[in-house]
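Student: Please take a close look at a single part of this model and describe its surroundings in detail.

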Amino acid sequence: MSAFDDTRTPRVPFWNDPRTRSIAVQLIMVVALVAVGYELYVNASANLAKLGKTFGFDFWDKSAGFDISQSLIPYTSSSSYGTAIIVGFWNTLLIACFGILFATLIGFTVGIMRLSKNWLISRIATVYVETIRNIPLLLQIFIWYGAVLKPLPGPKQALNVGGFYLSNRGLNMPAPIFEGAAWMGLAGLVGGIVGAILLRRWARARQLATGEAFPYISVGFALIVFMPFLGLLLAGWPVTWDVPVLGAFQLSGGVTVNPEFIALLIALSVYTASFIAEIVRAGIQAVSHGQTEAAGALGLRQSSITRLVTIPQAMRIIIPPLASQYLNLTKNSSLAVAIAYPDLVAMGGTVLNQTGKAIEIVLIWMIVYLSLSLLTSSFMNWYNSRMKLVER
Amino acid sequence: MDHSLAYVRTEDAPILKPPANLVGVRGWIMANLFPNWSNSILTILAALFAYWVLSNVLGWALFRATWTGESRDACVVEGAGACWPFVQAKFAQWIYGFYPIDQRWRVNVCFFVGAAALIPLLMPSLPYKKWNALFLLFAFPLLALILLTGGHFSFGFGAFISFVVQFLAIVAAFLPLSVFGIENGIKSAKPGLILVAVGLVLRVLSYALGFELPAIFDGVSTTYLMALLLMLAGGAWGILQIFGAGNQASRPVLRAWLFGGAGLCLVAVLLKWDFGLEYVETSQWGGLLVTLVVAVTGIVFSLPVGILLALGRRSDMPIVKYFSIGFIEIWRGVPLITVLFMASYMLPLFLPPGTNFDKLTRVLIGIALFSSAYMAEVVRGGLQAIPKGQIEAAQALGLPYWNTMNLIVLPQALRIVIPGIVNSFISLFKDTTLVTVVGLYDLMGIVIAGFADAKWASAQTAPTGYFTAALLFWVFCFGMSRYSQYVERRLNTGHKR
Amino acid sequence: MKRKLMGWAFAATTSLIAATAATAGTLDDVKAKGFVQCGVSQGLIGFSNPDEQNNWTGLDVDFCRAVAAAVFNDPQKVKFTPLTAKDRFTALQSGEVDILSRNTTWTMGRDTSLGLKFAGVTYYDGQGFMVKSSLGVDSALKLSGAAVCTQTGTTTELNLADYFKSNNMDYKVVAFEKNEEVLAAYQDGRCDVFTTDQSGLYADKLKFATPDEHVVLPEIISKEPLGPVVRQGDDAWFNVVKWTYFALLNSEELGVTTANVGEMMTSANPEIQRLLGAKNADGTAAGFGTGIGLSEEWVVQIIKAVGNYGEIFERNVGLNTPLKIARGKNALWTAGGLQYAPPIR
């Protein structure tokens, strides 16, 4: 009959067409977003006009007028607000780098301790993890700051260990001053790194060809450490030391590590390490027993199994959450503001206060932190695509 | 068959005890503490370390501690441990902040009701989960808001009711569409829709262009009255159509419409109602109260928004998808502290001139947006775990998108992410400490503020305060993380190796 | 017009949450809501400090009470919002508080570019230094090489940099967010010197367990005129706050005190008559109070509630208080100080 002969697709009313619906929904969304954005824009300009303020980064070049306790680049009170913010940015990166280093070391140690067959060791690691990660980081920062400041002696009674002075003003260390032919040391460093890379390449090739292994890691490491010294020795050791000296109030000269930095570093690395430990534990446990058993059946030693079978596979699982922990650590370093460590947020806050430029400063913060997190996530994507299991 | 072969034993061999060094306490100790030389040395070192930590902490907190006293004098003894009288003196303030002392029962009621509703929800064996959750998500926040602030809010009550009535009328005019399907619905709803549309046009004309009909009654805008009548008529038409049909499908729709409308009006009345409670401004709140208010608001707000964002992120519509991704990644990419600075310094600039929220409200807005982004990622994890076959099967049955999500996907996904939700509540709970940086007094902030009191200034005051605060936070967070592990184990049965 | 439409939906939601909508004038708003919202510090003895029952006392607090008394004839009709140094201007700009009375220094930048107006100088202050007496330092000029604790977002931080720079001394700054953190760090030995307004030094010294072990150095390195602040472009409210301050000064100058304000109302001195709102000879009102939107007896209300400027000063920070601050520059101009008010006429 005709009803069955009709091969045309039945007419779908337009409101039931998914495409129409999707376009309609998106249209409504765009209109709503534009409306909200416009409303915010109008409000902001009305409010700024009412307060007699303008939007703009013209404050960037104006003289800041305040001093900063720690700076990696030249800064004085007559530098600009912009420089102050850049100082804060470098300080954020500094604490993040050191924090990541120490958090990784502690985290891996504790993570492996948690898997130890020694009951006491694994218990201690468990207690560490369960205690540290259930206490707010900010509270830990305050506690560490108190723990760093209170028991340490004043600068005049500073603990002196081989030219290193530890007091409640921080750690004062001798600083090397390079003169004249000190570039030889740098050349040595570069040479060492290049040598290590070449060594690794050679060792791999030899192992593939003959099956003989060569301890290229330790030898390469030794190269990188000793070549700069060799360079400096050849140049006649053109290094003098700027040694801390006790002044009327405190030690000056050399390099000073502020107690704020020390407290923040300890707090950040101890806290983040408790999360890294769990990641490491989960990563190692996730390597299936069949892998280790198969390696054992092939006659590999326990140490070789760990190094060649377990760790490479565990790393595949560990690295992505590890990267996001690194990002968390970087973001958490903004809590520096609570203990007067001049990081990006603290410096931005001071500038905000002196200039009243709230929107501009918040924009700077967001751009910097968003770029850092985008960098991290693009690294993770790259890593994941490289390490993805090739499945048949 | 002959069973008495000489080499076949007829009785069991006697059961021998395992070697003494493999079982019992000794065996356990040998296997787990002293299996070989290197491990034995490690064990001894670790034991010494554990003893050192424990003896110091316990000695300080218990054996050498000061237990009674009225002021700092009790605690400035040489070699004294923790200063517990300080905690006793300040404890009420740590819980309630500067909340007026004679009004603290209001906070207690909130704590009690919240706990009474939450605990049954957390125990899997108890029934009425849905009602309980609805109570916690909607009724409890309202109750807490009114109790804690005192209620009696001044807002355009009349305008709000009129808004609700108009809104309900418009919805009512559209109701036939949902009951009879779009094609038949339009036919039956047409007169109502036209009435509503004319009313709306009138409203827009008078609101946007200042168009006014000549006045009939004094003091009442005729245009407004006309528009209202038209919309009511349109709504009534829609309702009549449904009643007339006597359709089974109409009941739930009608009920939802009625309850929704009544609920909105009830909320408005409750917010407006003068219960005779003294107004307590939020700058007087503090301590655990603020910590819980911030954390609970964050989680209550972030659940629905997070679900929407997670669905949006997996949507096929590019604008919805990229908006969700952008929103989530922006909030997740910045530290909470900048969000709080933004809420307290930048947000006021974006509000309509003349409006203003107090600081706690601003911080709550910031926290809510921030935690929504994290919640969205938690929910997304759950959504991804649902096999695609589930969605395809639902589509094959002809279920529309929202039914697929509501009936098939979300019930399964949300069950999976309960541990994730608890974990994000834990981190939110810890993160509330950051509000001290913008000048609110949460639990930690108020503990630290107490150190400045000259009456209690001693070397042990700060360590005692920090210790107690850390202990309080630890108990809360550890308890919650245990709960989340318990749920995880319950959900994971069957996957054990 | 379009704006209105969009605003409608927005306002419908926002009005629900916290519509403390500030409309045309702060004075009208304040009268409508029935109290003055006053921004104060989070605790500075003598200026604004809460006790354990959350009752606020201090010079800055009493000024707000004076404004409340002028408007409502009730010094209790005021609510206090404790603010950090960082928050204070945002809070005032956004309308969270009606008046900021929080030892805030009057500078050109703040007066002209933040959308705010200073209504007067309730306390002439200057920045000073405090050190431990065991250091044996007796002058700020001997502080070269010291570590100095201060608070961020204040003029203090800037003056400090200027002072050391102009005297060719180097120093190390440690700048905290909150005053209590600065104090804690100073006490823990993080720095040798604590710097803030001198009045603040005296007040904070009282919080130490052993106040005697610290000395305030004699140098004052800056001008710190502290005073109440209101929003710019709200002249009616600005006038109320400004003239409340002048009324306090004029009352002291004319000898009107809480104790004698009753008798003074019948005084024959025409200046006192104008001050206290006595009627003209023909029985008509003189109109000074009503001219700024208050009652004719506004000054009587103020003086009955909090006393004149001298009384407020002596009660909160004067020689008989723990702070023991002499009037100094804060004496009336007639006594060689800087406090001077235009006449009421």
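Tutor: Helix H7 of chain C, residues 179-187, is mostly covered, with eight of its nine residues buried; a residue counts as buried if 20 or more other C-beta atoms lie within 10 Å of its own, as exposed if 12 or fewer do, and as partly exposed in between, with C-beta atoms placed from the backbone. Helices (H or I, at least four residues) and strands (E, at least two) are DSSP runs numbered from the N terminus. The model is predicted: local features need pLDDT of at least 70, side-chain atom pairs count only at pLDDT 80 or more, and totals for chains, interfaces and linings use all residues. Residues are numbered from 1 along each chain as its sequence is written, while chains are lettered from A and ligands numbered from 1 in the order in which they are written.

The buried residues of H7(C) are Asn179(C), Glu181(C), Val182(C), Leu183(C), Ala184(C), Ala185(C), Tyr186(C) and Gln187(C). Their cover includes strands E9 (147-151), E10 (172-176) and E11 (193-197), together with helix H8 (198-205), of chain C; contact here requires C-beta atoms, placed from the backbone, within 7 Å. Just after H7(C), Gly189(C) adopts a positive phi of about 85 degrees.

Elsewhere in chain C, Asn168(C) sits in the loop between helix H6 (155-166) and E10. The phi of Asn168(C) is near 60 degrees, a positive value in a residue other than glycine. Asn168(C) counts as exposed because it has 7 C-beta neighbours inside 10 Å. Asn73(C), in the loop between helix H3 (59-72) and strand E4 (78-82) of chain C, likewise has a positive phi near 60 degrees.

Terms used: Contact = placed C-beta atoms within 7 Å.
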